[in-house]
Every structure is written in C-alpha cells, then in structure tokens.
Amino acid sequence: APGAGGGGGGAAVGVAACTTEPFRIMDVQFQDGNVNAGITQMRTVAFNALEWNPEDLISLVEPVFRLTGCIERCNIPLDKLSKWAQAAWKLYRENPFHNWFHGFSCFHM
C-alpha cells in the first residue's frame, strides 16, 4: 500500500519486520570462553562494564545481538555490526560518566 513502510521498499519493511515481535534471549553457547563468561555476567544487573577493557566489550556486541535473534531477524551483516560497534566506541568522548563504559552498560540492559 502506498505510504506503508515509508515508501522505501525493502529497508522499511525489514525494519518493521524486525520490531513487530518481542525479542527473546536464546540459549546459545559460544566457542570463546570469555564471551560465554561475559554473556553469563551480562544476564544480571551486577554486570560491571568497568571490569572489562573496551575491545572485549566490543567482542560482546555480536553475541548480544545473536542471543536476541537480531542478527537473523534483521539480516544484520556481521562486518557492519562490528564496524558499528567500533565506531560507537571511538565516538564516545573520554569523560567520567558518559563514556563507552556507560554506553555499553545501557546497551547490555
């Protein structure tokens, strides 16, 4: 129908399809033991991003997206997801509060 999905075709439909159902945490085990440990910790509010180095936090972005089914449901290319996470990290300024660690803490919730 005209006007539905913003008139952009596939991209708007993909976004709508990505957000219509609630995301569920899937039970996935990763080969990297650090990632499994991070995911286990991130499933609690006790997760402390300050205990991780920035690069390791970036390595947890893909598993979070995978566990929620976002990668498959939204057809997210892994190379673009990785570049997006790295760009987000680099764009944060170094300051005492609104920094990469704060941003990742919000992301994990």
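The structure holds 2 salt bridges, a salt bridge being a side-chain nitrogen of Lys or Arg within 4 Å of a carboxyl oxygen of Asp or Glu. The model is predicted: local features need pLDDT of at least 70, side-chain atom pairs count only at pLDDT 80 or more, and totals for chains, interfaces and linings use all residues. Residues are numbered from 1 along each chain as its sequence is written, and side-chain values use heavy atoms, with hydrogens and water left out.

Side chains of opposite charge can pair when their charged atoms come close. Glu 62 is partly exposed at a relative accessible area of 31%, and Glu 72 is partly exposed at 46%; buried means under 20% relative accessible area, exposed over 50%, and partly exposed in between (1.4 Å probe, protein chains only).

Glu 62 and Arg 66 both belong to helix α3 (residues 54-67), where they sit 4 residues apart, about one turn of the helix. Helices (H or I, at least four residues) and strands (E, at least two) are DSSP runs, numbered from the N terminus. The 14 residues of α3 should span 20 Å at 1.5 Å a residue, and the end C-alpha atoms are 20 Å apart, which agrees; the expected span is 1.5 Å times one less than the number of residues.

At the start of α3, a side-chain oxygen of Asn 53 comes to within 3.1 Å of the backbone nitrogen of Glu 55. After α3 comes Gly 69, with a positive phi near 80 degrees. The buried residues of α3 include Leu 57, Val 61 and Phe 65.

Helix α3 packs with helix α6 (residues 100-108) at an angle of about 20 degrees, their axes 11 Å apart. Axes are lines fitted to C-alpha atoms, for helices over the stretch in contact, and angles run from 0 to 180 degrees between N-to-C directions. That makes α3 roughly parallel to α6, a term for angles under 35 degrees.

The protein as a whole has 6 helices and 0 strands, in the order α-α-α-α-α-α along the sequence. Of its 109 residues, 28% count as buried.

Conventions:
A polar contact is a pair of N or O atoms within 3.5 Å; within protein, one must be able to donate a hydrogen and the other to accept it, and residues adjacent in sequence count only if both atoms are side-chain atoms. Angles under 35 degrees count as roughly parallel, over 145 as roughly antiparallel, 65 to 115 as roughly perpendicular and the rest as oblique.
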